[in-house]
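Subject: Structure handover

Hello,

Please find the structure below, with the sequence alongside. My notes on what was found follow it.

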Amino acid sequence: ALPDVYAFVDGSFNPATKVYGYGGFLMHHGKKEILQGSGADKEMAAMRNVAGEISGCMAAVKKAVALGLPEITIYYDYMGIEMWATGAWKRNKEGTAAYHDYMASVQDQIDITFVKVKGHSGVDGNEEADALAKEAVKSAD
């Protein structure tokens, strides 16, 4: 069974427009908050879909913190989401460093659990996050 508070996040990149984006949703107390956004910052766009992945995770955590939720479980399919947040991977880019710093800055406000799922393997939440991420980069012309 899924925990009371959880999010599925995914990232996408549109090489034609150099737009990265994220999609996903946060579930809490039976309420669903859709998470979706995109950007075209040059340095972030150089990381392609990775920029979307970390933006999506940050969006989920920011929303949970804003709602005053004490904990959240993040379901993700890209390893860097967890590795950069925990500091297990080196942050060689501005985007990954900013992501790590943000996640570290909210540690005293929210308890974050990471759960890796296999992408494109029929996990409902992941499929939905993936579709929302793709939509986020398509509509950003």
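His 120 has a relative accessibility of 55%, and since exposed means over 50%, His 120 counts as exposed. This comes from a predicted model, as does the rest of this message. His 120 sits in the loop that joins strand 5 to helix 5. Its backbone also deserves a look: the phi of His 120 is positive, near 55°, and the residue is not a glycine. For background, most residues other than glycine have a negative phi. Lys 18 is another non-glycine residue with a positive phi, in this case about 60°. Lys 18 belongs to the loop between strand 1 and strand 2.

Five strands make up an open sheet with mixed pairing, and their order across it is 3-2-1-4-5. The edges are taken by strand 3 (31-39) and strand 5 (111-116); each has a single partner strand, so one side of each has no neighbour in the sheet. From one strand to the next, the twist averages 20°. Strand 5 pairs with strand 4 (residues 71-76) in the parallel sense, over six bridges.

Helix 2 (residues 49-66) lies across strand 1 (5-14), strand 2 (19-28), strand 3, strand 4 and strand 5, and runs at about 150° to strand 1. Helix 5 (residues 124-138) lies across strand 1, strand 2 and strand 3, at about 40° to strand 1.

Helix 4 (residues 94-105) is the last item. Its twelve residues reach 16 Å from the first C-alpha to the last, close to the 16 Å expected at 1.5 Å a residue. Which residues of helix 4 are buried? They are Gly 95, Thr 96, Tyr 99, His 100, Tyr 102 and Met 103. Viewed down the axis of helix 4, these buried residues fall within an arc of 165°, so they line one face of the helix.

Regards

Conventions:
Residues are numbered from 1 along each chain as its sequence is written. This is a predicted model: local features need pLDDT of at least 70, side-chain atom pairs count only at pLDDT 80 or more; totals for chains, interfaces and linings use all residues. Side-chain values use heavy atoms; hydrogens and water are left out. Two strands pair if DSSP finds at least two bridges between them. Helices (H or I, at least four residues) and strands (E, at least two) are DSSP runs, numbered from the N terminus. Axes are lines fitted to C-alpha atoms, for helices over the stretch in contact, and angles run from 0 to 180 degrees between N-to-C directions. Contact means heavy atoms within 4.5 Å. The expected span of a helix is 1.5 Å times one less than its number of residues. Buried means under 20% relative accessible area, exposed over 50%, partly exposed in between (1.4 Å probe, protein chains only). The arc is that of the directions from the helix axis to the C-beta atoms.
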